[in-house]
Structure formats: structure tokens, C-alpha cells
Amino acid sequence: MRLGNAMESDSTHGAAMPFYRDHVYPHLVTVLGNPKPIEEIRRRIVPLAQGSVLEIGVGPGVNFTHYDPARVSKVFALEPNPGMLRRAEKQRRRTQVEIEFLDLPGERIPLGDASVDTVVSTFTLCTIPGVVEAIRGVCRVLKPSGKLIFFEHGLSPDPQVRRWQKRSEPLFRWAFEGCHVTRDIPSLIRKGGFNIEQVDAGYVSPFPKSGSYCWWGVAVPESRN
């Protein structure tokens, strides 16, 4: 998994506008990124994590307080945005779970093969440019007996909504640091080397349908089956 490209957002203005990336965008995500319907799903799925955990794209750290200290030994938190890390540090102080922020020193997740029991991804796969390659990197660090917990948004099954998604995607990519609203996330997870064991889907936030069709569930490495 190439972290230099794969874990950084595919923004058309990130390099030219570091102030937006490091200050405005983190504030925007903090204000808009966790409405009540999304928060309720986080409360249901994040506690499924156990053992050693890698969370990719932790953002402002809203998942941290949902990890169960009785089930989770440690969370490795991967986030390339300095503005997000400042906010996530505040959330780390609110939990009893040990959380270690990971730097991005090279092209791969800085963890060994088959080294974690759970990977958590919430609203991250929409922004990664080389998303299938990134998912394969997630599969590399996950133990064969491990699981991927995901909560992502993307391509609606409704033709009319899809048309709006295609029209509005440039705006989403500009405002939300490379966010793609036309990705079929379950299909991409399968291409990345996983089988999906359980999944739910639907429109789950008060935002327009073009940006609020979500999937949440659990996937396991193909090698298990």
C-alpha cells in the first residue's frame, strides 16, 4: 500500500491551499461529519473492534470514545492531516483506550504483516486516490482471523440520485478534500481482497441524498474462506 498517495486525500487544492486543508477542512468535518443518525451507527459498530486495532483516517477522532476498553488492547491511529490530529488529540484524552498516532514515513502502513486484529474505516475510503491498493494494504496488516469494520458513503442505487451525484462530485471533491460520492464501496472492498460478512445500507443523515447513501458492516480477508 503506497501511503504517499493512497492515504492522502485526492484534493485539487490541498497543496495550493494548506490553510484550508489544515484548518478550515478539519473544522468543517468536525461541525458536519457526525450528525445524530451517523453517531448512532458509530455507537453500534465501533465497539465490535477487539484486540489490537488500526483505524485509518481517524479525522478528528470521533470514534475514540466508542472503543470498548475491555475488548481493545490498543488503537493505532493513522491520519495524515495535521489539523485533524490536533482535534483527535483532544478526543484521545477522553478515552481509557491506549491510542498511538502513526506517522506516514513511507509508502506502506508502518505496521508489520498480519499484526492487527481489527481495522476500522469510517468515511475514509471515499477520499483515498488509490483505494483498491489501499484496501490491499489494510488486508496485509490484518491477521487472517481479523476483520475490517467499515462505515462509508458512496454510490446510490437510485438512478436519479446517481445523476445528481455525478453532477455534484466536483463540489464534494473540492470542499471535502477529494471526497468521491460515486464509489461503490462494497465492490471496492471485495476487489481489495475481502469478503463481506454483513452489511447494511441506506440514507442515514439529514444531508442531501447525493452525499448520504451509506454502507456499514464487517468484512474478512478472502484467505479465511
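Modeller: Cysteine 126 counts as buried, at 2% relative accessibility; buried means under 20% relative accessible area, exposed over 50% and partly exposed in between, with a 1.4 Å probe and protein chains only. This is a predicted model, in which local features need pLDDT of at least 70 and side-chain atom pairs count only at pLDDT 80 or more, while totals for chains, interfaces and linings use all residues. Residues are numbered from 1 along each chain as its sequence is written, and side-chain values use heavy atoms, without hydrogens and water.

The closest cysteine sulfur to that of cysteine 126 belongs to cysteine 179, 3.8 Å away, which is too far for a bond. Cysteine 179 is buried as well, with a relative accessible area of 4%. A disulfide is a pair of cysteine sulfur atoms within 2.5 Å, and by this rule there are 0 disulfides.

The largest nonpolar core has 28 residues; such a core is a set of buried Ala, Val, Leu, Ile, Met, Phe, Trp, Tyr and Cys residues joined through side-chain atoms within 4.5 Å. Among those with the most contacts inside this core are Leu54, Leu111, Val116 and Phe194. Elements that each supply at least two of its residues include β1 (51-56), β4 (116-122), α5 (131-141) and β5 (142-153); helices (H or I, at least four residues) and strands (E, at least two) are DSSP runs numbered from the N terminus. The largest share, 6 residues, comes from α5. Leucine 111 touches Leu54, Phe76, Leu102, Val116, Arg140 and Val141, leaving aside residues up to four places away in sequence; contact means heavy atoms within 4.5 Å. Another core, of 22 residues, lies apart from the largest one and includes Ile38, Val58, Val97 and Ile99.

The strands form an open sheet of 7, in the order β3-β2-β1-β4-β5-β7-β6, with mixed pairing; two strands pair if DSSP finds at least two bridges between them. β3 (99-102) and β6 stand at the edges with a single partner strand each, so one side of each has no neighbour in the sheet. From one strand to the next, the twist averages 15°; axes are lines fitted to C-alpha atoms, for helices over the stretch in contact, and angles run from 0 to 180 degrees between N-to-C directions. β6 and β7 run antiparallel, joined by 9 bridges, and alanine 201 stands opposite tryptophan 215 in β7. α5 packs on the sheet, where it touches β1, β4, β5, β6 and β7, and its direction makes about 145° with that of β5.
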